[in-house]
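Here are my notes on the model, as numbered points. Please read them with the structure open.

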Amino acid sequence: MQDVILVLDAEGRYLKIAPSGAPLLYQPPAEMLGRKIHDVLSSACADYFLNSIQQALLTKKTVKVEYSLSIGEQEVWFEANIASMDENTFVCVARDISERKQMEDQLRQQTENLAQTLQELRQTQAQMIQAEKMSSLGQLVAGVAHEINNPVNFIHGNLTYIEEYTQDLLRIIHHQQQSGNKLEFQALCEEIDLEYIQKDVPRILSSMKVGTQRIRQIVLSLRTFSRIDEAEFKAVDIHESIDSTLMVLQHRFQETTKLPAIQVIKDYGTLPLVECYGGELNQVFMNILANAIDALEEWTIENAQLRIDNFTSGLLTPTIAIRTSVIDAGWVKIAIANNGIGMSEQIQKQVFNPFFTNKPVGKGTGMGMFISYQIITETHRGKLECHSIPAVGTEFVITIPIQH
Ligand SMILES: Nc1ncnc2c1ncn2[C@@H]1O[C@H](COP(=O)(O)OP(=O)(O)O)[C@@H](O)[C@H]1O
Ligand SMILES: [Mg+2]
């Protein structure tokens, strides 16, 4: 028999115990028979039992109790059913439920762990939403591009007239110079240095022209880069996208105290238009290129002396190489490599993990490659791979289908 059967009277005195050799008895039956449960069990446990006995008597129903006893080295949990046989006799059938209790404890622990994980996930989600807000910065850029486009066109269109008018004015002055009061006029001309102005006005105008042309170019790039109007799959010229991203990052390619100018090698194949989310794909190019520039900066800081020694040879020119090609009918490949610091195997394993960053607080978010991975693999059903050798360089390879 697995269960222990006890017969007690209304005062909690042990009348019978079976089976006599039950392995899980608190004490040998001989020591319990005739004694009250208050003399055998702890008073809290005994009170609980006696209350249950009274309840069984009052309700004429079976009462269930759960309690634990230390037997030997172990804490054993029991579930017992108590029922009255008559006014003064009660039967109690106790079953060892330690195993079930243990499982319940485990389950409770697991539930607690799950609750905590859920809490952490919520936090992560909140942080990711924050990161997404950062990407709406892209939309801001698009807005700015739109806003400055009009005035810049306005200035640009008017430059031609200014040029014409100025030339007319200069012609009048020229005429006056020859027919008016020569002495006075001469003095005036010298005072305003007319000779210099004549030479300088065309120079100023042409430099203004170059300036505005440049602004127009930037505006165009910003527009291509943000692709604000593209919230769906559209046929995109990948090279145009890469170039606009390069343009947006232009300021970071220039020579600084930390780094000589970064050389960008473009090895563009012949690509068809590719169906994609243009804005999101640009975000990927942006993340990979920005990381490449960081990796080049870090490398040159760490190897400043090596760079100075070797720089003239051109071997260590900080370089970003972009190669595009069509592979296996229907797929395009875009490889972006840099000869920067490179990554250890340890870092390579984690590069696509959310919040993984090696950069100082405030500089790195660790979201760039994570979001890029989602964009390429989930949204575009493509592949994003990372190959890297420490101190040699890193290459990210994007493969996406041409059509969806
Ligand atoms: N081209 C690269 N060369 C070397 N390390 C890189 C390169 N790209 C990414 N990494 C590593 O991967 C980490 C994660 O990149 P990313 O997700 O863009 O986050 P973040 O740039 O904010 O650190 C970087 O901190 C860096 O350690
Ligand atoms: Mg980054």
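1. **Helix α8.** Helix α8 (residues 238-248) is mostly covered, with eight of its 11 residues buried. Buried means under 20% relative accessible area, exposed over 50%, and partly exposed in between (1.4 Å probe, protein chains only). The buried residues of α8 are I238, H239, S241, I242, S244, T245, L246 and M247. D237 caps the N-terminal end: one of its side-chain oxygens lies 3.0 Å from the backbone nitrogen of H239. Helices (H or I, at least four residues) and strands (E, at least two) are DSSP runs, numbered from the N terminus.

2. **Basis.** This is a predicted model, in which local features need pLDDT of at least 70 and side-chain atom pairs count only at pLDDT 80 or more, while totals for chains, interfaces and linings use all residues. Residues are numbered from 1 along each chain as its sequence is written, chains are lettered from A and ligands numbered from 1 in the order in which they are written, and side-chain values use heavy atoms, with hydrogens and water left out.

3. **The chain overall.** The chain holds 12 helices and 12 strands. Of its 404 residues, 35% are buried. Its accessible surface comes to about 24400 Å², and carbon and sulfur atoms own 54% of that. Accessible areas come from the Shrake-Rupley method with a 1.4 Å probe; for residues, only the protein chains shown count as cover. Among contacts with a separation of 6 or more, 60% are between residues 24 or more positions apart. Contact means heavy atoms within 4.5 Å.

4. **Ligand 1: the shell.** Which residues come nearest to ligand 1? Of the 18 around it, they are N291, T357, K359, T365 and M369. A residue is near a molecule or strand if one of its heavy atoms lies within 4 Å of it. The shell divides into seven nonpolar residues, 10 polar and one charged. Here Ala, Val, Leu, Ile, Met, Phe, Trp, Tyr, Cys and Pro count as nonpolar, Asp, Glu, Lys and Arg as charged, and the others, Gly among them, as polar. Helices α9 (278-302) and α12 (368-379) and strand β12 (393-401) each supply at least two shell residues.

5. **Ligand 1: polar contacts.** A polar side-chain atom of T357 lies 2.6 Å from an oxygen atom of ligand 1. G366 uses its backbone: an N or O atom there lies 2.9 Å from a ligand oxygen. In the side chain of T394, an N or O atom is 3.3 Å from a nitrogen atom of ligand 1. The protein covers 93% of the 540 Å² of accessible area that ligand 1 has on its own. A polar contact is a pair of N or O atoms within 3.5 Å; within protein, one must be able to donate a hydrogen and the other to accept it, and residues adjacent in sequence count only if both atoms are side-chain atoms.

6. **H156.** H156 is found in helix α5 (residues 137-179). Is H156 buried or exposed? It counts as buried because its relative accessible area is 18%. Leaving aside neighbours within four places in sequence, H156 contacts T212, Q213 and R216. The side chains of H156 and T212 also make a polar contact of 3.2 Å.

7. Strand β3 (residues 63-71) has V63, V65, Y67, L69 and I71 on a covered face, and K64, E66, S68 and S70 on an uncovered one. β3 pairs with strand β4 (residues 74-86) in the antiparallel sense, over nine bridges. Strands pair if DSSP finds at least two bridges between them. S68 stands opposite W77 in β4. Two residues lie between the strands of this hairpin, and G72 takes a positive phi near 60°.

8. **Backbone points to check.** A cis peptide bond joins A18 and P19, with omega about -10°. P19 is in the loop between β2 (14-18) and α1 (29-32). D328 is not a glycine, yet has a positive phi of about 30°. D328 lies in the loop between β9 (319-327) and β10 (331-338), and is exposed at 66% relative accessible area. R381, also not a glycine, has a positive phi of about 55°. Its place is in the loop between α12 and β11 (383-389), and R381 counts as exposed at 59% relative accessibility.
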